[in-house]
Amino acid sequence: MTRFVKPLRVRLFGRRKKGSGQDNSPKDLQKDKVFSDQELQNLGLSPDLQANLLQVREILSECSDVVFREFDFAQDERIKLALIYVDGLVDKTQVSDQILRSLMLDAPLVEQGGEFTRARAFMLIKKKLLPMHDLKETNNLGQVIDAVLEGAGVLLVNGHACAIINYSRGWEGRKVEESQTELVVRGPREAFVETLRVNTSLLRRKIKNPNLKIETMKLGEVTKTDVAVVYIKGIVNDKIVAEVKERLNRIKIDAVLETGYIEELIEDSPWSPFCTLLHTERPDKVAANLLEGRVAILVDGTPYVLTAPLLFVESLQTPEDYYQRWPVSSATRLFRLFTIIVSLLAPSVYVAIITYHHEMLPTALLLSMAAQRELVPFPVFVEAFAMEFTFEILREASIRLPRQVGQAVSIVGALIIGEAAVRAGLVGAGTVIVVALTGIASFAYCYAASMSIRLLRFPILVLAGILGLYGVICGVLFILVHLATLRSFGVPFLSPVAPLNTGGLKDTVVRAPWWAMLRRPRLIGMANPQREAEGLKPAPPPAGRKR
Amino acid sequence: MRKLLACLALLIVVAGIFSGCWSRKEMSELAIVLGAGVDRTPDGQVRLTLQLARTGALAGGGEGGGGRGATTWVVSGTGSTILDAQRKLAERISRHINWTHNVVYIFGEEAARHGIRQYTNYYSRSPQPREITWVLVAKGEAKDILETISQLENTSAQDIGYLARAKTGFSINFKDFKVMLATKGSNPIASRVEIVERGVTLGPEKEKSVVHKGAALTGTAVFREEKLVGWLDESETRGLLWLRGEILKGVITLSSPTEPGKEISVEIMRGHTEVEPYYDGESVWFVVKIVVEGDLLEQQSSEDITERDVRKAIEEEMAREVEEKARLALDKAQGEYGVDIFGFGMAFHRKYPREWAELEDRWDEVFAGAYVDFVLESHLRRSGLLGKRGSVRE
């Protein structure tokens with residue numbers, strides 16, 4: 001075996017160079033060298049521009065998107081400058097107008113008649129010639145490289161072991177658009193985008209308060225993704241912030257491409273089917289959560305933001321509940337609770353009753369069910385399982401499929417699977433109704449929770465098929481016990497229901513009017529529980545008071 | 001995690017061992033019993049008749065549209081006990097006999113006359129039948145009743161069930177019937193069901209119209225202890241209901257106080273009966289207080305009911321009518337059958353618990369000789385949408 005592999009490997013990858021990693025001399029241009037972060041942080045800049053450039057070129061070798069622009073300061077050949085940036089990450093007009101133009105053409109206007117010396121040039125450039133909003137100075141090569149890759153233009157000046165970092169970022173990004181996954185009828189429509197800075201600005205615009213803290217860090221050894229931890233000091237429980245930061249600092253991973261990476265690495269119960277961190281793309285939802293004392297984690301490159309701690313009741317809540325009048329939102333919440341139960345239990349209860357508990361049906365219903373099932377060749381369990389499975393296929397397909405063929409799937413789904421299967425007598429009409437109801441119900445509440453419940457539906461269906469309603473009850477109990485053991489950053493997942501906090505019940509399955517919800521959730525916002533003043537209930541002025 | 005899985009596995013194993021009923025039955029494996037009848041054969045055996053739903057023919061709407069042949073299948077089997085008869089039937093029925101949806105349980109007249117305790121035992125012991133099944137006694141054979149066809153409902157058993165539920169006459173479910181059987185101081189009664197002519201379905205020509213016979217509730221079967229002794233007809237049954245305080249709805253028809261030969265119908269809106277027993281150590285007598293309230297809904301005569309005196313007269317007539325009906329039932333129970341079917345014994349037991357001990361064994365005798373006094377109170381509340389008769393010229 002090795003006889004064949006070895007020559008092949010040599011041909012493909014070349015012979016391994018002996019001792020290639022040992023030579024650390026920066027002067028040697030070694031294209032194959034892989035630089036570690038540690039190495040880069042230890043490298044300093046030298047006063048010699050060419051040496052610096054050589055080193056940067058070596059580090060950024062074969063990066064065709066990096067531009068090295070060498071030019072003379074104020075058309076004075078004695079003072080050499082170089083600008084390094086990544087094409088596409090910087091704002092080109094800014095680079096050419098405010099850096100290149102200003103340094104090459106406008107510089108003489110600043111110091112009319114004066115002589116530019118090397119020593120003065122650096123100060124001049126920094127103080128007077130770069131009309132940029134964000135400048136930084138560094139003498140560390142590692143920082144230079146980081147800045148370039150983040151989208152800054154780095155200016156190197158010959159004779160100075162110092163670089164000026166111009167933050168002139170300007171890449172192509174999605175605009176702030178309407179949320180695609182969490183829709184409301186009434187309420188703000190904007191959603192987060194992929195750029196971290198835009199996302200933090202959306203939050204800052206909602207909460208104009210110096211206590212809104214946005215701490216950033218970098219995660220991902222390779223990707224160096226910006227991650228921001230956002231909270232409102234004075235409302236948040238400081239221990240939770242510390243815990244979040246500690247868990248984030250523990251992460252040593254090559255890449256963080258989405259908040260999902262972080263979620264799985266910091267959640268409390270990694271084996272649970274339920275998520276214990278909320279993800280959302282709605283700034284208003286995140287702002288509301290921050291105001292209740294939660295912590296948000298934003299990651300550059302994704303519109304999804306995590307907030308913690310998460311409570312189970314949040315799967316019943318939508319932002320719209322707080323914008324609509326309270327009787328309406330309370331009613332819809334009760335309705336959503338019903339849909340959770342339906343989407344978890346409807347098929348299994350159906351199977352259990354049809355196979356075990358015929359006496360539970362009214363006689364007329366039993367007769368019509370029995371008449372339907374007369375022609376169906378499969379046991380109802382097999383039938384329900386197959387239909388659930390089919391529904392999952394349809395659902396998965398409709399997420400992935402190109403938009404143009406969307407109609408095809410709905411036609412196939414509705415007509416062929418529903419109508420034809422019943423007509424052919426392969427499936428009972430009752431089963432189709434139950435499966436369809438379950439499917440629709442699972443979209444009526446929080447999507448993240450519906451994913452967990454979608455998973456749990458199948459084991460309960462199996463239990464119902466084997467043990468009837470006894471099995472269903474066993475399954476539900478098992479889930480309840482599991483839910484009761486869950487914690488999200490130290491907060492019991494089922495609170496305020498278990499452990500019971502009567503004040504917190506105002507915002508669970510019903511929503512109390514705003515003038516009655518005086519306090520923040522007890523276990524989350526306990527640092528500063530008072531949310532609003534008392535006695536805000538609108539009322540006519542007391543009798544006897546003159547207008 | 002491993003602990004949790006172990007718990008779940010244990011739960012399932014325990015369920016298998018302790019639940020005791022491995023009862024998985026697909027619906028298409030069931031023979032659903034809708035009506036059951038018990039008859040006594042001349043040689044003293046039990047003939048069990050089951051009315052089963054032919055689910056294939058019941059398909060409501062949609063594909064294979066309803067009405068492929070008969071909706072029911074009636075089968076009979078004979079054995080020495082009900083379960084024995086059912087075993088015989090099982091040899092002829094390809095599916096599992098399911099009693100859970102039985103609507104009516106009908107005793108044949110012969111079976112009832114020989115005592116029905118022996119026929120209720122299986123029905124109380126088996127976990128399947130419901131206690132809310134209607135109990136009826138057939139005039140004739142129960143089998144014939146179950147073999148009728150309903151014109152309105154899917155099956156005749158359901159038809160009879162709905163008739164019983166409507167409570168136009170006396171009807172009783174299995175639980176209450178069992179209680180009556182087991183209680184001293186009251187004798188069981190059940191509705192009587194018999195085959196009568198029930199309407200016509202019209203053909204394209206008059207000759208092709210079909211006159212149907214169907215089961216109907218036509219009164220009450222009266223038992224002494226557990227044996228059928230006789231019947232009450234429909235109007236006596238009304239009296240029975242007044243005396244038992246079970247009147248819920250119905251109509252009182254009375255003759256007009258001013259115009260002889262013309263009638264007035266009053267719909268009963270509310271009724272209430274109180275039975276007060278008295279005992280002086282020798283004789284027992286009862287005072288029955290009946291309150292009746294009704295709305296006048298039909299008037300053949302033309303007196304002005306807005307007048308106080310007229311209303312008074314009508315109210316008196318109502319009271320007289322109710323008392324007459326009650327007397328009818330009472331006389332039959334006291335005279336002809338000599339059984340207390342009104343629960344007077346229980347009222348006596350409640351008021352005189354000590355004295356009851358000496359009377360309970362010969363209670364029916366005591367009851368038959370007791371004097372019953374009626375105190376009636378009647379009210380005419382409303383008169384429908386009209387005050388005076390609309391069609392009378394003034």
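Begin with the largest nonpolar core of this predicted model, which has 171 residues. Select Ile297(A), Ile106(B), Phe107(B) and Leu136(B), the residues with the most contacts inside this core. Then highlight helix H12 of chain A, residues 326–355, which supplies the largest share of the core, ten residues. In soluble globular proteins, nonpolar side chains tend to be buried together.

Next, centre the view on Ile297(A). Beyond its neighbours within four places in sequence, Ile297(A) is in contact with Val227(A), Val229(A), Val244(A), Thr259(A), Ile262(A), Val305(A) and Leu306(A). A second, separate core comprises 33 residues; to locate this second core, select Leu83(A), Tyr85(A), Ala163(A) and Ile165(A), which are among its members.

Now display both chains together. Here 26 residues of chain B are in contact with 24 residues of chain A. On chain B, select helix H1 (2–18), strand E1 (30–40) and helix H2 (55–58), each of which contributes at least two residues to the side that touches chain A. Coloured by class, that side of chain B shows eleven nonpolar, eleven polar and four charged residues.

Finally, colour chain B by domain: domain 1 covers 1–59 + 68–232, and domain 2 covers 234–394. The centres of these two domains of chain B, taken over C-alpha atoms, are 34 Å apart. Between them, 18 residues of domain 1 of chain B are in contact with 21 residues of domain 2 of chain B. On the domain 1 side, select strands E9 (210–224) and E10 (227–232) of chain B, the elements giving two or more residues. E9(B) gives the most, with five residues. By class, this side of domain 1 of chain B has five nonpolar, ten polar and three charged residues.

Technical notes:
Residues are numbered from 1 along each chain as its sequence is written. Chains are lettered from A and ligands numbered from 1 in the order in which they are written. This is a predicted model: local features need pLDDT of at least 70, side-chain atom pairs count only at pLDDT 80 or more; totals for chains, interfaces and linings use all residues. Two residues are in contact if their C-beta atoms, placed from the backbone, lie within 7 Å. Helices (H or I, at least four residues) and strands (E, at least two) are DSSP runs, numbered from the N terminus. Ala, Val, Leu, Ile, Met, Phe, Trp, Tyr, Cys and Pro count as nonpolar, Asp, Glu, Lys and Arg as charged, and the others, Gly among them, as polar. Domain bounds come from an automatic or database domain assignment. A nonpolar core is a set of buried Ala, Val, Leu, Ile, Met, Phe, Trp, Tyr and Cys residues joined through C-beta atoms within 7 Å. A residue is buried if 20 or more other C-beta atoms lie within 10 Å of its own, exposed if 12 or fewer, and partly exposed in between; C-beta atoms are placed from the backbone.
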